[in-house]
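Me: I have just opened this structure and would like to learn how to read it. Could you take me through some features one by one?

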Amino acid sequence: MRALRFGFAFVLVACGGGNQTTPDGGVSTDNCTYQPLTPTAHAGGTVTAAALQAGAADNVLDIPVGTALGGYTARAGFLGSAGVVDARKVKISGTFNPSIGVEAAPRVKAIALTAGPETVVFLKVDMIFVYEGMLYDLEQRLGPEYAGKVIITSSHSHSSWAQFTGNGAIKLGSGQLRQIVYDRYLETFERTARDALEARRPAKLGVFVDTSFDPQNVVNHDRRGENNMLPGGNKKDDHLVLLRIDGTDNVPIAILPIFGEHGTLNGEENPLASSDAPGALERGLQEQFDTKVVVMHVQSAGGDNSPSGHGGIDCNVKPGAPSDPCLSWATEEGHGRGAAPILYAAWQAAGAAMRDTIELEMLTRSIETGPYPDTFKLRDGALTYAPFDLTRTPDGKIYDDAGKIISPIDEFNAPVGAGLCESATAMFPAAAIAGTDGLLPYGSCLRLDVAGSILGDIFKIDFGLDDSHPICQTTRTTISALRLGDYVIGTMPGELTVMLAQYLRDKSPVGADHTILVGYSQGHVGYMLEPEDWLQGGYEPSVTFWGPLEAEYIANRLLELMPLAMTPMREDGTTASATRVATATMVDGLDIDDPAPMAGTVPATVPVDTWARTGHPAQAQPAAQIARVSGTATFVWLGDDPNVQTPHVTLERETMPGTYTRVARRSGRVVDDVEVTIAYTPEPLQRSGPQTHVWVAEWQAVPWQGAVGFDSLDERGGVPLGNYRFHVDGKGWTLDSQPFQVIAGGLVPTAIRGSTIQITARWHAPKGWRLMDMSLASNQPVPVRSQAVTVDLLSAANATLSTTTMNTDANGSVSIPNNALATSARVIDRFGNTSTVPIQ
């Protein structure tokens with residue numbers, strides 16, 4: 001079975017309270033608690049252009065290491081061992097395999113915009129999807145003036161922290177809700193939003209639209225082949241919108257590239273938290289600037305689009321310890337480096353016509369989805385569901401003689417919803433929709449009520465389900481429309497796909513070229529496909545709950561809301577709004593060591609179970625000398641319980657004797673993740689009482705992204721020499737590692753005698769994880785291309801016979817005159833890295 005990102009994404013939960021039933025007493029939502037929406041702030045009056053103010057902010061999500069990572073079902077402990085590195089048992093992750101560290105720290109980014117009486121806050125979060133309870137809780141925290149004025153969108157990273165959702169329909173892609181995780185998310189949301197509001201200053205906005213984005217697929221590409229025969233199906237999300245926000249002093253504030261791509265460069269085996277592809281392209285673009293401009297990639301039609309990775313590592317090469325994992329983090333940086341020049345050009349184009357006054361208005365609305373089939377009426381009533389009736393057998397006819405969908409649809413006969421509608425055959429026949437075997441994709445649909453009882457035994461959870469109560473969170477979702485001058489932003493609560501995005505643009509009140517669609521925002525209903533696309537089957541329709549009509553139904557509700565945002569009147573978006581599902585809560589019952597034993601100290605010996613990417617550390621302190629490229633500095637310490645605080649580790653360099661300063665990137669940001677990875681091991685691995693908490697930081701001796709003067713890949717051998725150290729900030733304590741010296745190294749040449757002597761210069765990092773090349777494996781020898789090398793031919797007595805300096809070719813090679821007395825060659829690259837090899 002193919003690896004699923006949400007897999008059995010229909011795990012059910014019960015909700016509490018409420019009183020809504022069908023007229024005939026059938027399916028009921030009386031198990032659900034609903035709440036009214038707060039009326040839209042600032043409704044009434046007129047919308048006119050006003051001076052724009054903007055602020056931006058960026059904060060790391062401090063979620064406990066051990067929390068499950070979201071997106072891949074293979075991380076569910078009973079389904080697979082993806083990401084498992086040892087026998088640790090961590091209570092917070094529940095039935096999911098625990099995370100073990102941080103590679104590229106997931107972040108929260110925010111843009112605050114004000115024009116006249118209107119202020120909106122736009123958050124992008126590195127998370128697998130958005131739980132709409134967070135949206136309404138954040139609005140309440142910010143105050144009544146932000147009711148209906150907040151957008152939360154997710155990066156859809158499949159390696160970011162999960163366990164934040166009360167939506168039981170998708171918990172098998174994200175794990176059980178943990179209150180500590182939810183609260184940490186919400187606290188960071190509020191802090192980042194307030195930071196952006198505090199940072200507001202006079203600003204101007206430019207917009208660039210490219211409807212033929214990235215034709216060479218350098219950045220993203222279509223991943224769904226099932227719909228290639230449909231009009232508009234054989235196409236990726238090639239619609240780029242870039243918002244450029246500068247101060248009126250011309251200093252950049254924020255950049256929002258908006259297009260779709262999955263956050264799936266890291267696979268299910270990756271156990272360290274990462275912002276994945278979207279975070280990588282943000283880092284690549286932000287280091288084109290000399291200030292801390294906030295780059296905030298926003299998803300659009302990413303549901304059927306994948307990121308294009310570049311570089312990586314050779315997973316068949318396992319030098320050194322057998323514990324070296326195959327984690328292709330290098331591909332992330334390759335993605336960012338490939339996207340940076342394309343997005344930078346778009347940013348420049350967005351500066352051609354910028355406005356410092358705009359019309360600004362935002363509306364938010366809750367809408368009903370399931371469980372009633374009459375809700376889903378499309379195309380002026382021409383496409384509907386037949387009444388749900390478990391005593392009825394479908395006619396088995398999906399299309400008429402003209403190839404049109406027959407209506408009413410009687411195959412989707414699921415009173416409380418269905419999932420895994422992917423193929424013609426059911427995984428659990430007992431949960432299948434009766435009479436659909438052999439019908440694509442209905443044959444594999446599993447009724448949620450029956451499937452829930454099957455999976456309840458596996459999960460050891462009583463879902464409290466029956467055939468008359470739907471999952472509460474599947475009965476409502478949220479949409480928003482935001483006016484930015486002549487443009488309208490429309491949000492879609494799930495994995496928007498290309499065909500449905502085009503449907504929305506074609507029907508937009510402002511035209512396709514002024515319509516900005518944001519997917520993965522304000523909530524999550526799964527994948528969002530046109531009915532004709534859904535019926536082609538494949539993975540995407542398997543993560544939906546109300547069949548082929550749900551997504552276009554939601555799109556039509558957005559098409560009703562967007563025009564209201566463009567009128568001269570300030571509307572109340574909650575007029576005609578449904579109620580919303582109340583936010584879920586839970587009691588965690590976690591064992592927490594606070595204070596942790598010996599926190600802020602260095603162990604005399606490294607505990608035997610300590611995990612590090614490069615294998616078990618031989619000692620706690622870094623080695624005294626670390627060679628460029630091939631060398632890795634490793635530091636082990638005892639720190640805080642991860643449920644209390646994740647350590648903040650920065651790289652420092654000696655700038656004067658005895659004085660160390662934080663290493664900074666071109667943008668001014670410090671080097672504290674990506675290049676510096678951290679891993680965690682509890683000691684002992686399974687709790688029987690208080691534990692010590694072992695942390696490991698690793699840094700490969702190559703230039704950091706944004707290293708001024710050393711940032712291109714042909715400068716990988718040039719990380720500045722000198723003394724470095726790790727600095728760790730914990731809860732109420734700090735710790736510095738012993739210094740380590742970066743020395744020349746990493747050069748691995750060959751010398752082959754023929755009519756001439758051919759020298760090939762390569763850098764080699766056999767245990768490295770940083771990107772060395774955009775196409776070759778970064779843990780294999782990489783040519784030192786098109787740059788000067790010096791070659792000394794040496795005699796058997798080690799005397800220098802000749803010295804030649806010349807530029808290498810694209811293979812890292814030079815040919816020099818033969819000398820019969822030469823037995824070895826000393827090769828020196830332009831950074832002074834030296835290696836002597838025998839002539840073959």
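Me: How many bridges join strand β37 to β38, and which way do the two run?

Reply: Let me start with the background. This is a predicted model, in which local features need pLDDT of at least 70, side-chain atom pairs count only at pLDDT 80 or more, and totals for chains, interfaces and linings use all residues. Residues are numbered from 1 along each chain as its sequence is written, and side-chain values use heavy atoms, with hydrogens and water left out.
Strands of a sheet pair through backbone hydrogen bonds, either parallel or antiparallel. Here helices (H or I, at least four residues) and strands (E, at least two) are DSSP runs, numbered from the N terminus, and two strands pair if DSSP finds at least two bridges between them. Seven bridges join strand β37 (residues 788–794) to β38, and the two run antiparallel. Leu 794 stands opposite Thr 800 in β38.

Me: Which strands form the open sheet, and in what order?

Reply: The order is β38-β37-β40-β41, four strands with antiparallel pairing. At the edges stand β38 (800–807) and β41 (834–838); each has a single partner strand, so one side of each is left without a neighbour in the sheet. On average, neighbouring strands of this sheet are turned by 20 degrees against each other, direction ignored; the axes behind such angles are lines fitted to C-alpha atoms, for helices over the stretch in contact, and angles run from 0 to 180 degrees between N-to-C directions.

Me: What do β26 and β27 form?

Reply: They form a hairpin with two residues between them, and Gly 658 in the turn has a positive phi of about 80 degrees. Strand β26 (residues 648–656) and strand β27 (residues 659–662) run antiparallel and are joined by four bridges. Arg 653 stands opposite Thr 661 in β27.

Me: What covers the buried residues of α6?

Reply: The cover includes β13 (305–307), β20 (495–496), β21 (515–518), β22 (527–528), α7 (531–534) and α9. Seven of the ten residues of helix α6 (residues 498–507) are buried, so this helix is largely enclosed by the rest of the structure. Among the buried residues of α6 are Leu 500 and Tyr 503. Glu 552 is buried, with a relative accessible area of 0%.

Me: Which residues touch the most other members of the largest nonpolar core?

Reply: In soluble globular proteins, nonpolar side chains tend to be buried together. A nonpolar core is a set of buried Ala, Val, Leu, Ile, Met, Phe, Trp, Tyr and Cys residues joined through side-chain atoms within 4.5 Å. Of the 122 residues in the largest one, Ile 152, Tyr 185, Phe 189, Phe 412 and Trp 699 touch the most other members. Another core, of 31 residues, lies apart from it, with Ala 115 and Met 362 among its residues.

Me: How many aromatic pairs does a search of the whole structure find?

Reply: Rings of Phe, Tyr and Trp (its six-membered ring) pair if their centres lie within 6.5 Å; planes under 30 degrees apart count as stacked, over 60 as edge-to-face and the rest as tilted. The search finds 26 pairs. The rings of Phe 164 and Tyr 185 have centres 5.2 Å apart and planes at 65 degrees, so this pair is edge-to-face. For Tyr 724 and Phe 740 the centres are 6.1 Å apart and the planes at 15 degrees, so that pair is stacked.

Conventions:
Buried < 20%, exposed > 50% of the residue type's maximum accessible area, 1.4 Å probe, protein only. Contact = heavy atoms within 4.5 Å.
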